Amino acid sequence: MTPASKRPVVVTGSVALDTVKTAKGRCKDVLGGSAVYFSMACRFFHPVQLIGAVGGDFPAAMKKLLTGCDIDLTGLEELPGKTFRWSGEFGPDLQNPQTLSTALNVIEHFRPKLKPAHKNPSVAFLANIDPELQWEVLSQLEKADLVACDTMNFWIDQKKPAIKELLAHIDIFFLNDSEAKQLTGKANLLEAARTVKAWGPRIVAIKKGEHGSLILAQDNFYAYPAYPTESVVDPTGAGDSFAGGFLGYLASHGCDIEDPVLLKRALLHGSVMASFTVESFSTERLESLKPAEIHKRYHQYLEMLAVELIPAFAR
Ligand code: AMP
């Protein structure tokens with residue numbers, strides 16, 4: 001078996017045209033989608049293959065942008081019909097958006113067929129999309145060192161039993177604080193994380209937007225603040241790029257989620273990637289980002305979190 005560090009990350013999820021309004025402005029039909037944000041962050045750490053579907057209206061320039069960022073699109077199908085569209089609005093606090101409209105379009109009947117090259121990833125990420133579609137991808141994998149997934153209120157409202165079924169086969173589950181409460185009915189996040197973990201995942205990662213993240217792994221809780229960014233333009237995609245940084249880092253370092261140091265480093269890289277995403281609309285900031293900027297921000301973050309002097313080996 002090829003070692004995990006040589007095998008790509010595979011992601012399935014939405015590839016979208018987003019229309020978003022925030023206190024800082026608005027944008028219409030821009031590049032978005034859970035699989036896109038994830039891939040745009042993950043690619044800095046590990047090769048990534050995207051499995052998804054778009055319609056005939058998906059701009060060639062967006063495809064070119066993604067391939068130009070070294071994202072493997074051999075699993076992206078173009079189907080008759082329109083591309084998935086999401087429209088949302090963030091209030092002045094720039095926390096959870098209000099969904100104004102969701103048009104599933106080609107995603108509604110998309111049934112992915114994985115090519116042999118997609119079946120043995122180091123990490124498989126089932127990004128936010130219909131849980132039945134997530135299951136279809138999962139069931140075609142021959143081997144993956146880690147399987148992670150995400151979801152959102154839209155799918156919890158419609159398909160909660162399918163999400164619970166999926167969770168029995170998942171290593172890491174990402175969700176945000178309001179989704180954790182919605183899914184479990186528990187108001188306390190620690191209690192919600194324990195409830196979800198009892199359904200199957202080895203790790204539960206709860207994202208709390210600007211308030212950071214809470215991770216339950218084995219029997220330990222880890223909590224980190226978000227990297228503080230002054231210029232938040234559009235939080236769309238923060239959660240997916242958090243997962244992209246987190247899982248890309250794990251994939252490139254061997255996927256041992258029992259190692260708490262590796263896990264914490266992965267978590268911090270996830271937060272760093274999310275902090276860049278929110279600095280622009282769509283994927284703009286992730287397009288222009290340089291590895292040296294990630295490195296620099298990671299070290300600023302470490303210094304910010306450190307109580308004692310950071311030993312040289314951690315740098
Ligand atoms: P997040 O990282 O949670 O902010 O995810 C943002 C992305 O999720 C946007 O670019 C949307 O296109 C996408 N999205 C919104 N609603 C859905 C949905 N119901 N299923 C899949 N993707 C969605």
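This is a predicted model: local features need pLDDT of at least 70, side-chain atom pairs count only at pLDDT 80 or more; totals for chains, interfaces and linings use all residues.

**Stop one: the ligand.** Select the 18 residues around the ligand, then pick out S14, D18, G33, G237 and D240, which come nearest. Zoom in on S14 to begin with: one of its polar side-chain atoms sits 2.8 Å from a ligand nitrogen. Over at D18, a polar side-chain atom lies 2.5 Å from an oxygen atom of the ligand. G33 uses its backbone instead, with an N or O atom 2.7 Å from a ligand oxygen. Now put a surface on the protein: it covers 88% of the 510 Å² of accessible area that the ligand has on its own.

Next, colour by secondary structure. Which elements each supply at least two residues of the shell around the ligand? They are β2 (16-22), β6 (84-89), α4 (153-167) and α7. Helix α7 gives the largest share, three residues.

**Stop two: the aromatics.** There are eight aromatic pairs to look for. Start with F38 and F125: their ring centres are 4.5 Å apart and the planes meet at 25°, and since under 30 degrees counts as stacked, so does this pair. Trace the chain between them and you'll cover 87 residues, from F38 in helix α1 (residues 34-42) to F125 in strand β8 (residues 123-126).

Now jump to F45 and Y249, an edge-to-face pair with 6.3 Å from centre to centre and 75° between the planes. F45 is in the loop between α1 and β4 (48-55), while Y249 belongs to helix α7 (residues 238-252), so the pair ties together parts 204 residues apart in sequence. Both F45 and Y249 are buried.

For a ring with a charge over it, select F276 and R297; the charged end of R297 is 3.8 Å from the centre of the F276 ring.

**Last stop: L216.** Find L216 in strand β12 (residues 213-217). L216 is buried, with a relative accessible area of 1%. Show what L216 touches beyond its neighbours within four places in sequence, and you get A193, R194, K197, R202, I203, V204 and F221.

Definitions and conventions
Residues are numbered from 1 along each chain as its sequence is written. Side-chain values use heavy atoms; hydrogens and water are left out. Rings of Phe, Tyr and Trp (its six-membered ring) pair if their centres lie within 6.5 Å; planes under 30 degrees apart count as stacked, over 60 as edge-to-face and the rest as tilted. Helices (H or I, at least four residues) and strands (E, at least two) are DSSP runs, numbered from the N terminus. Buried means under 20% relative accessible area, exposed over 50%, partly exposed in between (1.4 Å probe, protein chains only). A charge sits over a ring if NZ of Lys or CZ of Arg is within 6 Å of the ring centre and within 35 degrees of the ring normal. Contact means heavy atoms within 4.5 Å. A residue is near a molecule or strand if one of its heavy atoms lies within 4 Å of it. A polar contact is a pair of N or O atoms within 3.5 Å; within protein, one must be able to donate a hydrogen and the other to accept it, and residues adjacent in sequence count only if both atoms are side-chain atoms. Accessible areas come from the Shrake-Rupley method with a 1.4 Å probe; for residues, only the protein chains shown count as cover.
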